[in-house]
Amino acid sequence: MLCQLHPLEINPKTGEPFLRLGAPYQNIILTPPRQGDQSVLIQHMNDPAIYRWLERPPVPYLPEHADTWFQIVKKESDATLEFLRKSTQDFPDGPLQFVDTCPVRYLREVKEDGTDVILGDVSFRRSPFEEILDEVERKQMQEDNAKKQAGDPTIQYAIGDWLAASHHGRGIMTAAIGLLMAAWAIPRMGVRHVVAHTFAGNIGSNRVFEKNGFVNRGLFDNGKIARGERKSDNIFDNLPALAAPKPTDLGSELDRYLSTDVERVTNPIGWWNECRKLFPRLSCMAIDYLTIPEHLDAWAPTIFLLILLVSALASYPYPDLTLVILVILTFPFALYLSLQQSQYIWPDPFADEAYPCSVSPPD
Ligand SMILES: CC(C)(COP(=O)(O)OP(=O)(O)OC[C@H]1O[C@@H](n2cnc3c(N)ncnc32)[C@H](O)[C@@H]1OP(=O)(O)O)[C@@H](O)C(=O)NCCC(=O)NCCS
C-alpha cells in the first residue's frame with residue numbers, strides 16, 4: 001500500500017510524522033504543531049531579533065495571540081494529515097494526492113535524551129499578492145488564486161520563516177527551506193511559483209532565499225507600515241517551471257507515474273493531455289514524442305520531383321497533359337503540407353494555457 005504521507009517519516013513512539021534535515025543537521029526535524037508549543041512561540045515572538053523582520057505578529061506577543069495562532073496552524077496541519085491518511089485508504093496503489101499546505105512546519109532540535117525544543121517555523125500559504133498595488137486587482141488575484149485546486153501549477157504561493165536567534169547563521173534555515181521545497185512543496189503540493197518578501201536590510205533572509213535559487217526582483221515600496229515604520233520589501237521569486245527541472249523533481253514525478261495502474265487507452269495523446277497537471281513534465285515529453293509529425297518537409301522536394309517525373313513520362317506523347325496531371329497530383333499533397341504547417345493536424349495541446357512544455361534538460 002502506498003502511504004500518502006510520503007516522504008514523511010513516522011516517529012515509532014508517538015506516531016507523529018516528521019521530516020529530518022540532511023547532514024550536518026540530522027538532529028533537526030520538522031513536525032506538525034503540538035499542544036504546548038504556545039509558550040515557546042511567545043518567547044520567540046517577543047525577541048526583537050526576530051519580530052523586527054516580521055510584519056504580522058503583534059508586539060508584545062501575548063498568550064491570547066499565541067493561542068489564536070496555534071488553533072489556526074494546528075487545524076490546518078491536522079486537516080492535511082487526515083486527508084492524507086484517508087487518501088492512503090482511498091488510493092492504496094497511488095497516485096500520491098496533492099495538498100495545498102505542508103503539515104510539518106515547526107523546526108525542532110532533538111536533544112540526546114530524545115526530547116526536543118522548537119527552533120523555528122517555515123510556512124507556505126497562498127500568495128497575498130502584496131506586490132500588486134491596485135487593491136481591486138489584488139483582491140481579484142487573491143480570489144482567483146484561492147479558487148484553484150491543490151496541485152494546480154499556476155497557483156502562486158508565499159513562503160514565511162523565522163528561526164530562534166540562538167541558532168542564526170549556522171545554515172539551518174537554508175537547509176530547511178531547500179528540503180521543504182524539494183521534498184514537499186514541489187512534489188506534494190505541485191508548487192511551481194512561490195514568492196518571498198523580505199524587509200529591506202534583512203541580509204540573512206535574503207541570503208537564505210538566494211542560496212535556494214530564488215531570484216531577487218528588487219526592492220519594492222507599497223507603502224507598507226510595520227509597527228509604525230515605513231517598510232520596503234525585497235521580492236524574491238522562484239519560478240522552477242521556467243527553470244531546468246531538478247533531478248529530484250523529475251524523479252518524484254516519474255515515481256508517481258510508475259506507481260499508477262496500467263490503463264488501456266485508445267487516445268494516448270488525449271490521456272497525456274488530461275494528465276498534464278498530475279505529470280507536468282512527463283506529459284510534455286510524451287506529447288512532444290507522440291505528436292512528432294512525419295518529416296514530410298524533408299521529403300517534400302523528392303516527392304515533388306517524383307510527381308513531376310511520373311506525370312512527364314505518363315504524358316510523353318501529349319506534352320499539354322503534363323500540366324493537368326501535375327496539378328491533379330500536386331493539389332492534395334500541397335493541401336496536406338499547408339495544413340500541417342498551420343498546425344491544424346497537430347494542434348498545440350497547451351496553446352490556451354501556460355504550461356512548461358519546453359523545458360531544457362537537467363544540468
Ligand atoms: C532570516 C533567518 C530565518 C535566517 O536563518 P539562518 O538559519 O540564520 O540562515 P542561514 O544560516 O541558513 O543563512 C544566513 C546567511 O545570511 C548571512 N547573514 C545572516 N545574518 C547576517 C547579517 N546580519 N549580515 C550579513 N549576513 C548575514 C549568513 O552569513 C548566511 O550567509 P552565508 O551562508 O553566505 O554565510 C533568521 O536569521 C531569522 O529568523 N531572522 C529573523 C526573522 C526573519 O528575518 N525571518 C524572515 C522574514 S522574511
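This is a predicted model: local features need pLDDT of at least 70, side-chain atom pairs count only at pLDDT 80 or more; totals for chains, interfaces and linings use all residues.
Helix axes here are lines fitted to C-alpha atoms over the stretch in contact, and the angles between them run from 0 to 180 degrees between N-to-C directions.

Helix α1, residues 38–45, meets helix α3, residues 63–90, with the two axes coming within 9 Å and crossing at roughly 120°. Since angles of 65 to 115 degrees count as roughly perpendicular and those over 145 as roughly antiparallel, α1 is therefore oblique to α3. The crossing of these two helices is right-handed. On the α1 side, the contact is made by Gln38, Leu41 and Ile42, while α3 puts in Pro63, Ala66, Asp67 and Phe70. Sorted by class, this α1–α3 contact has 5 nonpolar residues, 1 polar and 1 charged.

Next comes the sheet. It is open, has 9 strands and shows mixed pairing, and reading across it gives the order β1-β2-β3-β4-β5-β6-β7-β9-β8. The edges are taken by β1 (9–10) and β8 (215–226), each of which pairs on one side only. Helix α6 packs on this sheet and touches β7 (194–199), β8 and β9 (229–238), its direction making about 160° with that of β7.

Some of the strand pairs are worth a look one by one. Strand β3 (residues 28–31) and strand β4 (residues 106–110) run antiparallel and are joined by 4 bridges; isoleucine 29 has arginine 108 of β4 as its bridge partner. Over at β7, 6 bridges tie that strand to β9, again in an antiparallel arrangement, and valine 194 is partnered with asparagine 238 in β9. Strand β9 also pairs with β8, in the antiparallel sense and over 7 bridges. In that pairing, alanine 226 finds its bridge partner in glutamate 229 of β9. The two strands β8 and β9 form a hairpin with 2 residues between them, and arginine 227, in the turn, has a positive phi of about 50°.

How values were computed: Residues are numbered from 1 along each chain as its sequence is written. Angles under 35 degrees count as roughly parallel, over 145 as roughly antiparallel, 65 to 115 as roughly perpendicular and the rest as oblique. A crossing is left-handed if the near helix is turned anticlockwise from the far one by less than a right angle, and right-handed if clockwise. Two residues are in contact if their C-beta atoms, placed from the backbone, lie within 7 Å. Ala, Val, Leu, Ile, Met, Phe, Trp, Tyr, Cys and Pro count as nonpolar, Asp, Glu, Lys and Arg as charged, and the others, Gly among them, as polar. Two strands pair if DSSP finds at least two bridges between them.
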